[in-house]
Amino acid sequence: QVQLVESGGGLVQPGGSLRLSCAASGSIFTIYDMAWYRQAPGKQQRELVARITRLGTTTYADSVKRRFAISRDNAKNTVYLQMNSLEPEDTDVYYCYAEGVTVQRITRDYWGQGTQVTVSA
């Protein structure tokens, strides 16, 4: 099994910044893609915010391009999301995602528990 633990959410004023972190632990052989999704209350589907491959190729939602930056430390099995110029529309619960391979060579998707980001004056 692989566990994902997020940190770094909170309340910030419009125009401010936050940095989210997500560390993977457990019976990890390797981790392929890692990503951040967000989900608003009452919505069933999670929206992709940013994704990063093991080699560092990144993808962003149009709404966060030039404001957010995703990065990862493969040695620490950790992914980060630097969020700048935050807007009230960025208020959501943010979820960490990882495509992980266990030491038993089982590949599956893993999700964190979610961290609340609130942008408000």
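Buried means under 20% relative accessible area, exposed means over 50%, and partly exposed lies in between, with a 1.4 Å probe and protein chains only as cover. This is a predicted model: local features need pLDDT of at least 70, side-chain atom pairs count only at pLDDT 80 or more, and totals for chains, interfaces and linings use all residues. Residues are numbered from 1 along each chain as its sequence is written, and side-chain values use heavy atoms, with hydrogens and water left out.

**View 1. T107 in strand β10.** T107 is partly exposed, at 44% relative accessible area. Strands are DSSP runs of E with at least two residues, and helices are runs of H or I with at least four; both are numbered from the N terminus. Leaving aside residues up to four places away in sequence, T107 touches E99, G100 and V101. Contact here means heavy atoms within 4.5 Å. T107 and T30 lie 77 residues apart in sequence, with 9.3 Å between their C-alpha atoms.

**View 2. The aromatic cluster of Y37, Y97 and W111.** Rings of Phe, Tyr and Trp (its six-membered ring) pair if their centres lie within 6.5 Å; planes under 30 degrees apart are stacked, over 60 edge-to-face, and the rest tilted. The count comes to three aromatic pairs. Y37 and W111 form an edge-to-face pair, 5.0 Å centre to centre with 65 degrees between the planes. This pair links Y37 in strand β4 to W111 in strand β10 (residues 107–111), 74 residues apart. Y37 is buried at 15% relative accessible area, whereas W111 is partly exposed at 37%.

**View 3. Arginines over aromatic rings: R19 on Y80 and R105 on F29.** A charge sits over a ring if NZ of Lys or CZ of Arg is within 6 Å of the ring centre and within 35 degrees of the ring normal. For R19, the charged end is 4.1 Å from the centre of the Y80 ring. For R105, the charged end is 3.6 Å from the centre of the F29 ring.

**View 4. The largest nonpolar core, with 28 residues.** A nonpolar core is a set of buried Ala, Val, Leu, Ile, Met, Phe, Trp, Tyr and Cys residues joined through side-chain atoms within 4.5 Å. W36, L81, M83 and Y94 touch the most other members. Strands supplying at least two core residues each include β1 (2–7), β4 (28–39), β8 (78–83) and β9 (92–102). The protein chain has 11 strands and zero helices. Buried residues make up 43% of its 121 residues.
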